[in-house]
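I opened a new model today and went through it element by element. These are my notes.

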Amino acid sequence: MAIERITPFLWFDHQADEAAAFYTSIFPNSRVVKVVRQNPAVPEPAGKVLTVEFELDGRRYVAFNGGPRFRFTEAISLVVHCENQAEVDTYWDGLLAGGGTPIQCGWLKDRFGLFWQITPTALIRLLGDPDPARAARVMQAMMQMVKIDIAAIEQAGKA
């Protein structure tokens, strides 16, 4: 596989390998590609994991053990497009496992502090409905939710 021109680079305190293993266990077509360990010439312990290249559903990412200098914020999140409620439930539950935090409107923060949006394609379609009243009802319904309930947003679109 050729190297992608743009690859998301995720800064972790010290859990890059743990995070990559966690994420690849949740998504199909995912794997750890390469682990780079510290060179003995740097002040960190030799052999400590520096970076982990991994793929989630075929898309490449790099996890970096940079120490507690930076934190993830909601300003950057990863969106998971889901075709049905079973997918929403699977990714929602999987990413919350081990200490994640549900937020609102399909957003969550996983146990490593990375933000995710678990977004049904039906939500995107309904929010873009040409009838502004229908789209507004869907938006209002979504704003009341933590995890998105596809049947409830579809019902709001019909009301």
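**Entry 1: overall layout.** I noted at the start that this is a predicted model. I asked how many helices and strands the protein chain has. I found five helices and eight strands. I then read the elements from the N terminus on, and they run β-α-β-β-β-β-α-β-β-β-α-α-α. I also looked up the extent of the C-alpha trace. Along its principal axes it spans about 65 × 30 × 25 Å.

**Entry 2: the four-stranded sheet.** I looked up the strand order next. The sheet is open, has four strands and runs E1-E4-E3-E2. Its pairing is mixed. Which strands stand at the edges? I found strand E1 (9-12) and strand E2 (31-37) there. Each has a single partner strand, so one side of each is left without a neighbour in the sheet.

**Entry 3: E3 and E4.** I went on to one pair inside this sheet. Strand E3 (residues 49-56) and strand E4 (residues 59-65) pair in the antiparallel sense. I read six bridges between them. I picked out Leu56 and looked for its bridge partner in E4, which is Arg59. I then asked what H1 touches on the sheet. H1 packs on the sheet and touches E1, E2, E3 and E4. The direction of H1 makes about 10° with that of E3.

**Entry 4: H1 against H2.** I turned to the helix pair. The axes of helix H1 (residues 16-26) and helix H2 (residues 85-96) come within 10 Å. They cross at roughly 160°. That makes H1 roughly antiparallel to H2, because angles over 145 degrees count as such. I noted the crossing of H1 and H2 as right-handed. Which residues make the contact? From H1 I listed Phe22, Tyr23 and Ile26. From H2 I listed Tyr91, Gly94 and Leu95.

**Entry 5: Ser77.** I ended on a single residue. Ser77 is found in strand E5 (residues 77-82). I left aside the neighbours of Ser77 within four places in sequence and looked up the other contacts. These are Trp107, Phe115, Trp116 and Gln117. With which side chain does the side chain of Ser77 make a polar contact? I found that of Gln117, at 2.8 Å.

Methods. Residues are numbered from 1 along each chain as its sequence is written. This is a predicted model: local features need pLDDT of at least 70, side-chain atom pairs count only at pLDDT 80 or more; totals for chains, interfaces and linings use all residues. Side-chain values use heavy atoms; hydrogens and water are left out. Helices (H or I, at least four residues) and strands (E, at least two) are DSSP runs, numbered from the N terminus. A polar contact is a pair of N or O atoms within 3.5 Å; within protein, one must be able to donate a hydrogen and the other to accept it, and residues adjacent in sequence count only if both atoms are side-chain atoms. Contact means heavy atoms within 4.5 Å. Axes are lines fitted to C-alpha atoms, for helices over the stretch in contact, and angles run from 0 to 180 degrees between N-to-C directions. Angles under 35 degrees count as roughly parallel, over 145 as roughly antiparallel, 65 to 115 as roughly perpendicular and the rest as oblique. A crossing is left-handed if the near helix is turned anticlockwise from the far one by less than a right angle, and right-handed if clockwise. Two strands pair if DSSP finds at least two bridges between them.
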